[in-house]
Amino acid sequence: MLKEFSKEFYMSAGECNPQGEMPLSLLVSRLIEIATLHANSWGVGFDRLIKDNHAWVLSRVTTEMKRYPRAGEDYEIVTWIEDYNRHFSQRNMEIRSTGGEVLGFARTIWMVIDLGARTGVDISQLSYISSNVSPRECPIEPQSRLRPVADATRTVEYTFGYTDCDFNRHVNTVRYLELMMNQFSLSHYDNKVITRMEMAFVKETHYGATAHVMINDADSAETRFSINVEDADRVRCRFTWKQR
């Protein structure tokens, strides 16, 4: 089995944001894809777990980018497992150009849930993990503890629709992220870029739920979010910005 797994991609113009680079939402989608492909290569991907009515779900994701792939650029993502325990598997990624330039890194935390009971499954029984933990370290800081936004500077209401939901019949990771990214203007992104993103999932959200997006952007270098449904946080997130 391969302790590391990699895949090359091409950054097409049609996938780019208005600044001609990979949007953060697409990066997160690619991270989920590469994690899935690596699990599939070990025979513990979706096709295997669904036989037991189980599925991998993303619990936390942190990205830190020096720059994003640009239109017309080939890039590669490499993934490996750093650690695991009964409840979570810590999977890291490196994003680099095919010429070898390191563009950034990501840290992700995954768990397996029972789709019927909607509860976590003990992954220590997955023996493949222990024999495939990589000694390679990830140079970015682990995710900090994200707290509810009790001091919002603005609040936005949004009702989740059909295209926000995925196979697990709950709101998709990328849709949460796009909802938060859309709270800023085009000119804002012309002048600033997200260098670090931290997102933690507290509870799943389903079709038709109306959310209150609590935003604190009092600090020009950082924005904090809580996506709240029925007075309970579903997602917490932090963007760190820098001037272009």
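Here are my entries on a helix, some strands and a pocket.

I began with the ground rules: this is a predicted model, where local features need pLDDT of at least 70, side-chain atom pairs count only at pLDDT 80 or more, and totals for chains, interfaces and linings use all residues. Residues are numbered from 1 along each chain as its sequence is written, and side-chain values use heavy atoms, with hydrogens and water left out.

**Helix 1.** I looked up its length: helix 1 has 18 residues and reaches 26 Å from first C-alpha to last, close to the 26 Å expected at 1.5 Å a residue. The expected span is 1.5 Å times one less than the number of residues. Helices (H or I, at least four residues) and strands (E, at least two) are DSSP runs, numbered from the N terminus. Next I checked burial (under 20% relative accessible area, 1.4 Å probe, protein chains only). The buried residues of helix 1 include L27, L31, I34 and H38. I noted that an α-helix has 3.6 residues a turn, so residues three or four places apart point the same way.

**Strands.** Two strands pair if DSSP finds at least two bridges between them. Strand 3 (residues 74–84) runs antiparallel to strand 1 (residues 4–10), with seven bridges joining them; there I found E4 opposite W80. Strand 3 is also joined to strand 4 (residues 89–97), again antiparallel, by nine bridges, and D83 stands opposite Q90.

**A pocket.** Which residues lie nearest the centre of the second largest pocket? I found N17, Q19, P23, M181 and Y189, out of 17 lining residues. Helix 1 is among the elements that give two or more residues to this lining. A pocket here is an open set of points on a 1 Å grid over the protein atoms alone, where a 1.4 Å probe fits, with protein on both sides within 12 Å along at least five of seven lines; lining residues have an atom within 4 Å of a point.

Methods: Buried means under 20% relative accessible area, exposed over 50%, partly exposed in between (1.4 Å probe, protein chains only).
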